[in-house]
Amino acid sequence: MQPEKKKQRTVQLGRLQSLDKAKKKQESARLYNQLFSSSEWENSSVIATTMSGGIEVDTTPVIKQATLESKTIVIPKTLPNWQMEFQILDFQTQLVKSKFDVLEPENGITVSKDSIDLILVPGLGFADAGNFRLGFGGGYYDRFLDDYSGKTISLVLSVQHFEQPGWPVESHDIPIQTLIKSGVN
């Protein structure tokens, strides 16, 4: 792992942790409105998202809205060798904490990559130039997105937004197709 990326991840974690809760809630509401009115959302029936952690944009409203619209939600399960798959999230899905302290499905039904219409890609930082993201450091999403042909969107809080990447962009970094931004820093 490049030391510059590791340092920027630490900086971004601090920025996210110190973001005022009221401001985060307000920004998140704007992000949800933009997402739910986007053509990518409207034209998708199978949507992949994470079970968000405390510092991230809360994905609970995304999951609830998808359910209201009879869309299928799938969530990631990490596998050996930095791989992941997506499994259906429904009332039967049992969730367990992964080694990354993230809720993952334990008994879900795996869906094929090509049946996922839209992936909401998490990250710590996002840059307008090239739509590059600073991930959490495992490379799971870059590996998964390498041959993914559906749509990708990231929901970007103001403290996550950059004009230019403030981190080294590497050949294996996969750009996000659409950045939905809450506002500028």
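Which residues does Thr93 touch, not counting residues up to four places away in sequence? Select Thr93 in this predicted model and display its surroundings: the residues it touches, with that exclusion, are Ile88, Pro105 and Asn107.

**First stop: Thr93**

Thr93 is placed in the loop that runs between strand 3 (83-88) and strand 4 (95-97). Its relative accessible area is 13%, and because buried means under 20%, Thr93 counts as buried. Now show the backbone atoms around the side chain of Thr93. This side chain reaches the backbone oxygen of Ile88 at 3.1 Å. A polar atom of the Thr93 side chain also lies 2.9 Å from the backbone nitrogen of Asp90.

Strands of a sheet pair through backbone hydrogen bonds, and the pairing can be parallel or antiparallel. Here, 7 strands make up an open sheet with mixed pairing, and their order is 6-3-2-1-7-10-12. The edges are held by strand 6 (110-111) and strand 12 (178-181); each has a single partner strand, so one side of each has no neighbour in the sheet.

Next, colour helix 2 (residues 21-36). Helix 2 packs on the sheet and touches strand 7 (118-120), strand 10 and strand 12. The direction of helix 2 makes about 140° with that of strand 12.

Select strand 10, residues 151-156. Of its 6 residues, 5 are buried, so strand 10 is largely enclosed by the rest of the structure. Strand 10 and strand 12 pair in the parallel sense over 4 bridges. To follow this pairing residue by residue, select Val156, whose bridge partner in strand 12 is Lys181. Then select Ile153, which stands opposite Thr178 in strand 12.

**Fourth stop: empty space**

Switch to a surface view. Rolling a probe the size of a water molecule over the atoms shows where empty space is left. The largest pocket holds about 1,000 Å³ of space. Its lining consists of 35 residues, and those closest to its centre are Gly135, Phe136, Gly137, Gly138 and Gly139. Helix 1 (3-17), strand 2 (72-79), strand 9 (132-134) and helix 5 (140-145) are the elements that give two or more residues to this lining.

How many cavities of 30 Å³ or more does the structure hold? There is 1, and the volume of the largest cavity is about 170 Å³. This cavity is lined by 14 residues; select Val57, Thr59, Val121, Pro122 and Leu155, which lie nearest its centre.

**Last stop: two backbone angles**

Most residues other than glycine have a negative phi. Select Trp82, which is not a glycine and yet has a positive phi of about 60°. Trp82 lies in the loop between strand 2 and strand 3.

Finally, select Asn131, which is not a glycine either and has a positive phi of about 55°. Asn131 has its place in the loop between strand 8 (125-127) and strand 9. Is Asn131 buried or exposed? With a relative accessible area of 19%, Asn131 is buried.

Note on methods: Residues numbered from 1 in each chain as written. Predicted model: local features only at pLDDT ≥ 70, side-chain atom pairs only at ≥ 80, totals over all residues. Heavy atoms only, no water. Buried < 20%, exposed > 50% of the residue type's maximum accessible area, 1.4 Å probe, protein only. Polar contact = N/O pair within 3.5 Å; in protein donor to acceptor, adjacent residues only side chain to side chain. Contact = heavy atoms within 4.5 Å. Pairing = 2+ DSSP bridges. Axes fitted to C-alpha atoms, helices over the stretch in contact; angles between N-to-C directions. 1 Å grid on protein atoms, 1.4 Å probe; cavity = no way out; pocket = protein on both sides within 12 Å on 5 of 7 lines; lining within 4 Å. Points joined across faces, edges and corners; volume = space filled by probe spheres on them.
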